[in-house]
Amino acid sequence: MSSQPIIQARDLRKVYHVGEVEVPALRGVDVDAARGEFVAVVGPSGSGKSTLFHILGGLTPPTAGTVRIDDMDLAQMSDSDRTNMRKTTVGFVFQKYNLLPTLTAKDNIEIARNIAGKSGPLDPEFEQLLALLGLTNRLNHKPRAMSGGEQQRVAIARAIVNRPSILLADEPTGNLDTENSNAVLGLLRRLNQQLGQTILMITHNPEAAAFADRIVTMRDGRIV
Amino acid sequence: MVLTLVGLSRGVLDDQKTRARGAGADIVIRPSGSSILGASGNMPAGILRFVQKQPHIRVATGTLIQGTGGLNSITGIDLKTFSEMSGGFRFLEGRPFSGPDEIIVDQYYADQHKLHIGDKIPVWDRQWTIVGIVEPGILAREIVPLDVLQNLTANTNKLTMIYAKLDDPKLTSQVIQELRQKLERYPIYSMEEFVSLYSVNNVPMLREFIIVIIGLGSLIGFLVVFLSMYTAVLERTREIGVLKALGASPEYILGILLRETAVLAVAGSILGILLTYGSSWIINSVIHGSLQQAIVPEWWPIAGAIAIVGAMIGALYPGLKAARQDAIEALSYE
């Protein structure tokens with residue numbers, strides 16, 4: 001692992017405005033993740049996990065503080081810069097899979113490449129990865145013909161097809177049964193160990209968090 | 001809708017042209033101030049007798065046209081002189097009229113109204129007996145004796161049109177010049193000039209009507225696409241959020257929606273063209289005697305352009321709304 005953290009957040013604050021009321025979601029978060037590290041962020045509902053996820057993924061800017069992803073300062077980025085960053089630097093896995101329902105598994109993966117400006121056939125290394133994810137024979141199926149576990153594996157494939165620096169997973173097993181949860185978590189662990197993929201996973205499930213190298217606990221918008 | 005309307009206009013006018021040419025005349029004389037499509041107005045029968053005496057006129061005949069409702073009309077002819085000029089009707093069934101209550105109709109009219117020889121047609125409280133069914137394309141669809149129609153409609157010694165055939169068609173221009181000097185008040189045309197008047201521009205308000213219908217068609221198309229795309233954007237809010245999370249720019253999302261709209265508009269245009277064949281078949285099968293719809297390929301690009309431009313404008317606001325959507329809100333949309 002490199003000594004330079006791939007994720008570095010300092011005094012990260014985020015305030016949402018609900019009508020005329022200010023709701024602080026993050027109250028000064030300091031968090032680092034080393035390159036190739038698998039970090040789990042745990043905490044109760046309302047602790048600020050999802051807000052941290054959204055800021056680290058470049059989906060929303062912080063209200064204050066600094067956050068560097070792969071040596072890029074997100075706090076200084078415009079909307080357009082953050083959009084460009086999401087194409088190749090960050091990959092997302094969501095609790096509800098969020099596959100596009102009218103596209104096949106393969107097309108769901110291809111559209112991520114298309115958005116990143118990539119074309120041509122998938123490289124052999126990624127083909128091997130699809131085999132590792134157990135998707136080789138499921139690529140021409142649409143999400144409605146796939147189980148939850150299969151859909152989440154497609155979502156993982158889509159998230160890493162552009163070789164992102166970090167993979168952000170938000171409750172990736174929240175909609176899965178125990179067997180499929182273990183399979184997905186096992187795959188994330190293997191991606192981390194075999195490919196050196198940096199992963200930051202948000203979960204409130206201690207068993208899921210146990211798959212990570214390190215567990216960060218949040219409460220009331222702070223790391224505890 | 002645009003193609004059907006234009007096709008109907010063209011079909012009706014082309015049908016009128018064909019039937020006018022079917023009269024076999026070289027020169028046509030109309031009453032002053034008359035309408036081309038309705039063939040309205042009338043002139044004294046003395047004009048006909050005058051024309052018949054002019055040099056190079058081989059035969060001249062007069063007709064009286066009276067509307068019977070809608071686009072239908074009944075035409076009175078002098079069968080002898082008209083047959084001499086046109087070469088005569090080709091009877092598919094029956095015979096020429098010989099009595100005051102007898103009528104001949106063309107095949108389209110008979111087919112549309114399911115009429116046969118011996119059937120009666122009520123017009124102006126009078127029962128007309130069909131005695132002949134003729135091939136279409138000559139002058140009119142419902143034809144009765146001229147004098148009977150003149151008396152019945154209080155138009156004794158009145159004519160709506162005068163047709164003249166020359167002993168040498170090459171002299172048409174010369175004869176027209178001479179007639180114009182002698183009959184200054186009456187519009188006089190060669191047959192080619194006369195049929196060229198059967199155009200959209202010469203039918204009162206038809207051009208304006210078509211423009212209004214095209215405008216309405218464009219507006220309806222715009223509203224349908226606008227509402228459809230607006231609904232689609234709402235339904236796909238979460239998908240738009242996913243695309244944004246994957247790094248899709250606002251331009252990328254707008255591009256997807258506009259391309260989808262363009263494909264639908266092109267497909268809709270092709271479907272619309274195919275539907276005009278369907279409507280043409282239905283109209284020509286069911287009401288061929290009243291209306292005819294032509295297929296108008298030269299209007300396909302115009303109708304396509306209207307559809308595509310209307311659809312793109314309709315998709316623009318929903319597309320921009322989608323492109324500007326907040327990714328986090330979109331991802332949490334249920």
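The model is predicted: local features need pLDDT of at least 70, side-chain atom pairs count only at pLDDT 80 or more, and totals for chains, interfaces and linings use all residues. Residues are numbered from 1 along each chain as its sequence is written, chains are lettered from A and ligands numbered from 1 in the order in which they are written, and side-chain values use heavy atoms, without hydrogens and water.

**Helix 6 of chain A**

Helices (H or I, at least four residues) and strands (E, at least two) are DSSP runs, numbered from the N terminus. Helix 6 of chain A spans residues 178–195 and has 18 residues. From first C-alpha to last it reaches 25 Å, close to the 26 Å expected at 1.5 Å a residue. That expected span is 1.5 Å times one less than the number of residues.

Buried means under 20% relative accessible area, exposed over 50%, and partly exposed in between (1.4 Å probe, protein chains only). The buried residues of this helix include Val184(A), Leu188(A) and Arg189(A). Contact means heavy atoms within 4.5 Å. The partners of the buried residues include strand 3 (38–42), helix 5 (148–160) and strand 8 (198–203) of chain A. Gly196(A) follows the helix, with a positive phi near 70°.

**Aromatic pairs**

Rings of Phe, Tyr and Trp (its six-membered ring) pair if their centres lie within 6.5 Å; planes under 30 degrees apart count as stacked, over 60 as edge-to-face and the rest as tilted. The structure holds 10 aromatic pairs over all chains. Two of them are tabulated.

| Pair | Centre to centre | Between planes | Class |
|---|---|---|---|
| Phe226(B) and Tyr230(B) | 5.9 Å | 25° | stacked |
| Tyr277(B) and Trp300(B) | 6.4 Å | 55° | tilted |

Phe226(B) and Tyr230(B) are 4 residues apart in helix 8 (residues 206–235) of chain B, so about one helical turn separates them. Phe226(B) is partly exposed at 22%, and Tyr230(B) is partly exposed at 26%.

Tyr277(B) lies in helix 10 (residues 250–286) and Trp300(B) in helix 11 (residues 300–323) of chain B, so their pair ties together parts 23 residues apart in sequence. Tyr277(B) is partly exposed at 42%. Trp300(B) is partly exposed at 26%.

**A buried asparagine**

Asn155(B) lies in the loop between helix 5 (146–152) and strand 10 (158–159) of chain B. Asn155(B) counts as buried because its relative accessibility is 9%. Beyond four places in sequence, Asn155(B) touches Asn42(B), Leu64(B), Gln66(B) and Gln150(B).
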